[in-house]
Amino acid sequence: MPEDSRSGERTAMVETQIAARGVRNPRVLEVMRKVPRHLFVPPLYQGAAYRDSPLPIGHGQTISQPYIVGLMTELLDVSPGDRVLEVGAGSGYQAAILAELGAHVITIERLPEVAGLARENLQRAGVVGVQVIVGDGTEGYPPGAPYKAILITAGTPEIPDPLLSQLDEGGRLVAPVGSRDIQELIRLEKSGGHITRSTFGGVVFVPLLGRHGWEA
Ligand code: SAH
């Protein structure tokens, strides 16, 4: 990934929006300084790509606010070589961040047009190590299981059972859980057959639509 004219804006984004709010993991901050977020938003919004907000990506979907991407990435605690599943590929930006941390990422998207967009964006940004699959991510993706980390980037009424069973021993699952309009960010950790749950405040995501999510 070569230096580009927006790298100064990314450095500022990381300092003022992400590190300033408590994201500390140096590897997370480093990849967020590196991945060209402006290549993951529609041309109309490229100027706004480093703003402290989510942005529309078309088809009624959004790319998450940079801080939320940083927070979720830190909570997932990904190591190089980990198998990671993302539900809700959207723009592909979150998947790019995880891949740049050295993870093998499978990202599922229910809308074929959006999946195509994610593939294009990832290619344009020169990101390797992401497989974009079209399907209902509430069923997970058994061929790639078990996963060390699972991230749901759409709001869900509860954690879909298939995702819990596809989570590896010692693995982490991060998701916005709540109503269609507002959710709480939660992290589950699977260890010794037990699940521990922690919460990280209120968030707003588009709804997770599917068999184990909201009705489409
Ligand atoms: N992670 C994305 C943002 C995701 S927005 C990024 O970095 O840009 C949420 C996405 O989840 C939308 O694209 C939506 O179409 C998708 N989605 C909703 N329900 C889904 C499901 N059951 N399976 C897969 N994708 C789903």
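Modeller: Two rings of Phe, Tyr or Trp count as a pair if their centres lie within 6.5 Å. With that cut-off, the structure holds 1 aromatic pair. Keep in mind that this is a predicted model.

Now the helices. Two packed helices are described by the angle between their axes and the distance between the axes. Start with α1, residues 7–18, and α2, residues 26–34. Their axes lie 8 Å apart, at an angle of about 140°. That angle makes α1 oblique to α2. The crossing of α1 past α2 is right-handed. On the α1 side, the contact uses Arg10, Thr11, Met13, Val14 and Ile18. On the α2 side, Leu29, Met32, Arg33 and Lys34 take part. By class, this contact of α1 with α2 has 5 nonpolar, 1 polar and 3 charged residues.

Next, α1 against α3. Helix α3 covers residues 66–76. The axes of α1 and α3 come within 10 Å and cross at roughly 75°. Angles from 65 to 115 degrees count as roughly perpendicular, and α1 and α3 are therefore roughly perpendicular to each other. From α1, the contact takes Met13, Gln17 and Ile18. From α3, it takes Pro66, Tyr67 and Gly70. The residues of this contact of α1 with α3 are 4 nonpolar and 2 polar, with no charged ones.

Arg21 lies over the face of the Tyr67 ring, 5.2 Å from the ring centre.

Then α2 against α4. Helix α4 spans residues 93–100. The axes of α2 and α4 are 9 Å apart, and the helices pack at about 125°. That makes α2 oblique to α4. Their crossing is right-handed. Val31, Met32 and Lys34 of α2 meet Tyr93, Ile97 and Glu100 of α4. In this contact of α2 with α4, 4 residues are nonpolar, no residue is polar and 2 are charged.

The charged end of Arg37 sits over the Tyr93 ring, 5.1 Å from its centre.

Last, the backbone. Two loop residues deserve a check on screen. His59 has a phi near 55°, a positive value in a residue other than glycine. His59 is in the loop between β1 (55–58) and β2 (61–63). The other spot is Pro146. The peptide bond from Ala145 to Pro146 is cis, with omega near 0°. Pro146 belongs to the loop between β5 (130–134) and β6 (147–152).

Key
Residues are numbered from 1 along each chain as its sequence is written. This is a predicted model: local features need pLDDT of at least 70, side-chain atom pairs count only at pLDDT 80 or more; totals for chains, interfaces and linings use all residues. Side-chain values use heavy atoms; hydrogens and water are left out. Rings of Phe, Tyr and Trp (its six-membered ring) pair if their centres lie within 6.5 Å; planes under 30 degrees apart count as stacked, over 60 as edge-to-face and the rest as tilted. A charge sits over a ring if NZ of Lys or CZ of Arg is within 6 Å of the ring centre and within 35 degrees of the ring normal. Axes are lines fitted to C-alpha atoms, for helices over the stretch in contact, and angles run from 0 to 180 degrees between N-to-C directions. Helices (H or I, at least four residues) and strands (E, at least two) are DSSP runs, numbered from the N terminus. Angles under 35 degrees count as roughly parallel, over 145 as roughly antiparallel, 65 to 115 as roughly perpendicular and the rest as oblique. A crossing is left-handed if the near helix is turned anticlockwise from the far one by less than a right angle, and right-handed if clockwise. Contact means heavy atoms within 4.5 Å. Ala, Val, Leu, Ile, Met, Phe, Trp, Tyr, Cys and Pro count as nonpolar, Asp, Glu, Lys and Arg as charged, and the others, Gly among them, as polar.
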